[in-house]
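Try each one on the structure first, then read the solution.

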Amino acid sequence: MEIRNIAIIAHVDHGKTTLTDALMRQTGMMGEGVSMDSDSIEKERGITIYAKNGALYYKDTKINIVDTPGHADFGSEVERVLRSIDSVLLVVDAQEGPMPQTRFVLKKSLELGLKPILVLNKIDKPAADPARAEERVLELFLELGASDEQSNFPVVYAIAREGIAKKRLNDESKDLTPLLDTILEWVPKASGSVDAPFVFQPFNLGYDNFLGRLAIGRVYDGVAHPNMSVSIKTPDGQIRNGKITRIFNFKGLERIESETAEAGDIVMLAGLPDIFIGETVITDSTREPLPAIAVDEPTITLNFLVNNSPFAGREGKFVTSRQLHERLENELEVNVGLKIDFTSPDIFTLRGRGELHIAVLLENMRREGYEMQISQPQVIVREEGGVKLEPFEEVVVDVPGEFQGTVIERLGRRGFQMTDMRPEGDNTVRITLEGPTRGLLGYKNQFVVDTKGEGIMSSRVIGFKPFAGDIRKRQVGSMTSMATGKALGFALWNLQDRGVLYITPATEVYEGQVIGNTSKGEEMAANPTKGKNLTNVRSSGNDEAIVLVPAWKLTIERGMEVMSDDEYLEITPESVRLRKKHLTETERSKAKRT
Ligand SMILES: Nc1nc2c(ncn2[C@@H]2O[C@H](COP(=O)(O)OP(=O)(O)OP(=O)(O)O)[C@@H](O)[C@H]2O)c(=O)[nH]1
Ligand SMILES: [Mg+2]
């Protein structure tokens, strides 16, 4: 059977997963209500976090599809997939046109010589403008130095959500057949010879409690069988031996145990406990290894420590340093963009690709029953030839015209310079800026406030550049509890004029816990447990009713954004609390003096 290998790439939310799901459903590989976004956090947030592969059968051809995440934090997931496939579906929202991550994933694809198929999706949106989007995509191809052949890409118009695709805008169509046919027409047949010695390279890792580490990758040549002895070569030529114990193929999202893995196919192999992404698995040990698969370096870092707050251990099942260490070691098995320094027994240093990248790990851990604390995320600064470098990002914002001034000014103070501005439909402008990642930490929430929730912002790291010097951020001041006990509505009512509260009445707090931030930016001690208890008053009518502004509930990401460097974020299965590193006023002033 012929095989075609493709990846679906795009900016976040442009419809990759919806399209993949629809392709799977049309070809009978997946039922209703099943999605490639199968992880619980993916389902909740509606975004893809992990690259996943599946396979479908169409007209006697097996099509392996890798669905990739669009969020910039997970860019390394995309990068390592691209080398192992033969073409990409570049999905672009017909209203938004190309966005920062479109550029990133297209650039990587073109560099590898891939010939993309353009899918202009969401043509059903009232403000969709497929012609303009197509023109912008072509501009982008040319700007990125695409060859003539690459710029001559086929275009398919789609409403992924309805499972419809067409080759011309005014064609009639009721399913995705036009897209499937375009794939067969344009994507080269998977190459490789079943008669040659076996060559395999993993682009993804999996883990199974019984089978251990699993390697997902492409068979370039040859055929593998269970219990076959192999050699594993690192990109720099070191060699070790191993044995493939079991083999799995894909059908839909399912893995199906198989007796063979053949040249051209994407498969999963068990039995190689120390295999890593980018290594080459071969039977002819004299063969040169395949080129390494590069993964972008981490850009932010934070400390990770045992929860030692007064409420530690109330909710979590796993709270010790040893348990955290073990869990993090396991994470490193599959989380390629993550680095951890375990040198100190109590404080681990995590380095990751962005706040969301790390927040997802923390969220997974709390759901599994872990408790922990983290310090404020910092960008990674490094030296090269005596020059101090820090990560820089490109930010693209779409905002209604009336907010453009505020956004440019606010980002300007955070070290960002505008590189482009153009109208984007009625009364919306698209502004492109460049500046240090450092200036962006803690900005997301401000952006929502500044644009009254109507702005869209996306960003991606563009590399390390010389340190941008001091930047002026608005410092958030903390409102810190000086008592331990239950928060009272009346006390909170008294405090709410001073800033934004993170807690609601009856929340248990401890001394040194940060219960809100102050609007003027000053540090403030408060007693949320003091005052008359108003429960009776509230139940007896409205005469003396107090009206509380809804609390700004902390989530892991919100916490990471507002916390200062003298604070920890405490994360447990049920709660996210912000606290001072030093819990009492006395300790804090002592710490300040030393
Ligand atoms: N109007 C419209 N909405 C669509 C269409 N296709 C997808 N969507 C919606 O767009 C949103 C994002 O879709 P996803 O498929 O999750 O996008 P994605 O590209 O996989 O997102 P990430 O993996 O997080 O980068 C969802 O709310 C979809 O329902 C379409 O053709 N028309
Ligand atoms: Mg997705």
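Two strands count as a pair if DSSP finds at least two bridges between them. Keep that in mind, and remember that this is a predicted model.

**Exercise 1. Work out the strand order of the eight-strand open sheet, and find which strands stand at its edges.**

Step 1: Go from pair to pair. The eight strands line up as S12-S11-S17-S8-S9-S16-S13-S14, and the pairing is antiparallel.

Step 2: Look at the ends. Strand S12 (239-244) and strand S14 (254-258) each have a single partner strand, so one side of each is left without a neighbour in the sheet.

Step 3: Zoom in on one pairing. Strand S11 (residues 228-233) and strand S17 (residues 280-282) run antiparallel and are joined by three bridges. Ile 232 has Val 281 in S17 as its bridge partner.

Step 4: See what packs on the sheet. Helix H8 touches strand S8 (199-208) and strand S9 (212-221), and its direction makes about 150° with that of S8.

**Exercise 2. Is Met 268 buried or exposed, and which residues does it touch?**

Step 1: Locate it. Met 268 sits in strand S16 (residues 266-270).

Step 2: Apply the cut-off. Buried means under 20% relative accessible area. Met 268 has 3% relative accessibility, so it counts as buried.

Step 3: List the contacts, skipping residues up to four places away in sequence. Met 268 touches Leu 214, Ala 215, Ile 216, Arg 246, Ile 247, Phe 248, Phe 250 and Arg 255.

Step 4: Now pick a residue from elsewhere in the chain. Ile 462 is 194 residues from Met 268 along the chain, and their C-alpha atoms are separated by 33 Å.

**Exercise 3. At what angle do helices H8 and H9 cross, and which residues make the contact?**

Step 1: Take the axes. Those of H8 (residues 321-334) and H9 (residues 355-367) come within 12 Å and cross at roughly 125°.

Step 2: Name the arrangement. H8 and H9 are therefore oblique to each other, and H8 passes H9 in a right-handed crossing.

Step 3: Find the contact. H8 brings Leu 324, Arg 327, Leu 328 and Glu 331, while H9 brings Leu 361, Asn 364 and Met 365.

**Exercise 4. Which residues coordinate the magnesium ion (ligand 2), and which parts of the chain does the pair tie together?**

Step 1: Look for the donor atoms. Thr 17 (OG1) and Thr 48 (OG1) coordinate the ion, at 2.0 Å.

Step 2: Thr 17 lies in helix H1 (residues 16-26), and Thr 48 in the loop between helix H2 (40-45) and strand S2 (52-58), so the pair ties together parts that are 31 residues apart in sequence.

Step 3: Check the burial. Both Thr 17 and Thr 48 are buried.

**Exercise 5. In what order do the strands of the seven-strand open sheet run?**

Step 1: The order is S2-S3-S1-S4-S5-S6-S7, with mixed pairing.

Step 2: At the edges stand S2 and strand S7 (164-166), each with a single partner strand, so one side of each has no neighbour in the sheet. From one strand to the next, the twist averages 25°.

Step 3: For an example inside the sheet, take strand S4 (residues 87-93) and strand S5 (residues 117-121), which pair in the parallel sense over five bridges. Val 91 has Val 119 in S5 as its bridge partner.

Step 4: H3 (residues 75-82) lies across strand S1 (2-10), strand S3 (61-67) and S4, running at about 155° to S1.

**Exercise 6. Which strands are joined to S18 by bridges?**

Step 1: Start with S18 itself. Five of the six residues in strand S18 (residues 300-305) are buried.

Step 2: Six bridges join S18 to strand S20 (residues 347-352), running antiparallel, and Leu 305 stands opposite Ile 347 in S20.

Step 3: Strand S21 (residues 372-375) is also antiparallel to S18, with two bridges. Here Phe 304 has Ile 374 as its bridge partner.

Step 4: Two bridges join S18 to strand S22 (residues 378-379), again antiparallel, and Thr 301 is partnered by Gln 378.

Methods
Residues numbered from 1 in each chain as written. Chains lettered and ligands numbered in written order. Predicted model: local features only at pLDDT ≥ 70, side-chain atom pairs only at ≥ 80, totals over all residues. Heavy atoms only, no water. Donors = N, O, S within 2.8 Å, 3.2 Å for Na, K, Ca; no water. Helix = DSSP H or I, 4+ residues; strand = E, 2+ residues; numbered from the N terminus. Buried < 20%, exposed > 50% of the residue type's maximum accessible area, 1.4 Å probe, protein only. Axes fitted to C-alpha atoms, helices over the stretch in contact; angles between N-to-C directions. Parallel < 35°, antiparallel > 145°, perpendicular 65-115°, else oblique. Left-handed = near helix turned anticlockwise from the far one by under 90°. Contact = heavy atoms within 4.5 Å.
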